[in-house]
Amino acid sequence: MMKTEIIAMILAGGQGTRLGKFTKNLAKPAVPFGGKYRIIDFVLSNCANSNMNTVGVLTQYQPLILNTHIGIGSPWDMDRNEGGVTILQPYASATEEKWFRGTAHAIYQNFSYIEDYDPDYILVLSGDHIYKMNYETMLDYHKEKDAALTIAVLEVPWEEAPRFGIMNTDEELKIEEFEEKPQNPKSNLASMGIYIFNWKLLKKYMNDSIDEGKNMDDFGQNVIPAFLEANERVYAYPFQGYWKDVGTLESLWEANMDLLNQESALQINDRSWKIYSKNPSMPPQYLSKTADVKDSLVVEGCIVHGKIRKSILSPKVIVGEGTEIYDSVIMEDVKIGKNCIIRKTMIGSHAVIPDNSIIDGNGEISVVGEYEVYEEGK
C-alpha cells in the first residue's frame, strides 16, 4: 500500500437503542435523515470535503443497509485504487471471536488495516453525529501544537455539561484533566468524540497496556486518561458551528427541523461544503392542484395532494387529498391516505397510514415504525 499521512476511522457500529423503532433493523448511522440522506453521510462528506481519502468504516450492529448504502464509496469520490473507503466488520479468528467491546477496542482490532497505510496520524470519528467540519484545519492545529492527541471540543450550556465528557484545559488549551459526565463540571468544553492521534504513539500505548493486562477498550474511559497520566501533549481543538448527537428521538426530530430553519447553522445549501449521498434516480415530485406546501422539503418521487407545513418528505412518499401534515419527518416510501391529520410525527420507511387517521401527541413526538401499518390507539 502507498504511505498515507492520515487515515480516518469511522465508528459506525452503534445500535442506537434510544431511537427505538428506527434502529430495530438499522444501525444508527444508517437511519434516514433530512429527506435524502442517512446520518453517516455527514461524516463521510466531511471526509470528502477535507481531502481525507482513506477511510475505514467500522460496522457491527445490523450492518446490511449501511454497507449497501456506502458500497465502494462512489458518492463521496472514494472509489479509488489506492485508499478509498473500506468496510471493516468484526470477525472470528481461530482463537477468539472479535466483537468490538468499545470504541478503542474496535480500532485495536483493525490495527492491521491501519498498518497497511503506515500513517503518521489517525483520525477517529463517530458515524452518528450531524455536523460540518474541516478535518484538515484540525490536523493543522494538531501539528502546530506538536500534540500527541487532539480532541475536538464544543462549548455546551453549563446545565448540559454533566451529560458529556468534559475537558479541563489551561490557557493554551492543553488538557490537564478529563472528567466523564461530572456532576459538578469545572468547564463546559465537551468532547465531540473526534480525535487525532499520532499513530505510532497510540499503537505503543495500546499494545503495551494490553500486554500488561490493562483494559483499553474505550477512548474516554481508558485511552485518554492513559495519555494524560503519562503527561503527553493532549490538546483541545475548539469547534464553533452546528453539531448534534442524534441519539434520541427528540434530537433526531430537532436536527431535521433545523434543516427547515433558515437561521440555523445547519445549512445543506452551501455549495462550498456539499453533503453527498447515494441517490437513486427518481422522477420529479408531483404537487397536484389540491397540494398546499410551505416551509418544507419535498424530494424526488413524492406525490402530494394534501397540505404540508414545516415537514420533510423523503423519496416516494404519497400524501392523499385532504390530509394535513405539520412539523413532521416522513421517511422513504410511506403511503399516507386521505383526510389524515399528522402533527409532530416521525414515520419510518415503508409505513402505511390509512385514510382518516389522526396522529397527534399533543406536543410530544409520535413515532410510526418502519413497515408499520398505523392503527389508532396502538
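Two strands pair if DSSP finds at least two bridges between them. Helices (H or I, at least four residues) and strands (E, at least two) are DSSP runs, numbered from the N terminus.

Before the details, the ground rules. This is a predicted model: local features need pLDDT of at least 70, side-chain atom pairs count only at pLDDT 80 or more, and totals for chains, interfaces and linings use all residues. Residues are numbered from 1 along each chain as its sequence is written, and side-chain values use heavy atoms, with hydrogens and water left out.

Start with the strands. Strand 4 (residues 54-58) runs parallel to strand 5 (residues 84-88), and five bridges pair them. Leucine 58 sits opposite leucine 88 of strand 5.

Now the core. A nonpolar core is a set of buried Ala, Val, Leu, Ile, Met, Phe, Trp, Tyr and Cys residues joined through side-chain atoms within 4.5 Å. Buried means under 20% relative accessible area (1.4 Å probe, protein chains only). The largest core has 45 residues, and Ile10 and Leu125 touch the most other members. Helix 1 (residues 40-49) gives the largest share, five residues. A second, separate core has 38 residues, including Phe100 and Trp199.

Back to isoleucine 10. Contact means heavy atoms within 4.5 Å. Leaving out residues up to four places away in sequence, isoleucine 10 touches Val55, Val57, Leu58 and Leu125, among others.

Last stop, serine 328. Serine 328 lies in the loop between strand 21 (324-326) and strand 22 (329-330). Serine 328 is buried, at a relative accessible area of 0%. Its side chain reaches the backbone oxygen of tyrosine 326 at 2.7 Å.

Note on methods:
Buried means under 20% relative accessible area, exposed over 50%, partly exposed in between (1.4 Å probe, protein chains only). A polar contact is a pair of N or O atoms within 3.5 Å; within protein, one must be able to donate a hydrogen and the other to accept it, and residues adjacent in sequence count only if both atoms are side-chain atoms.
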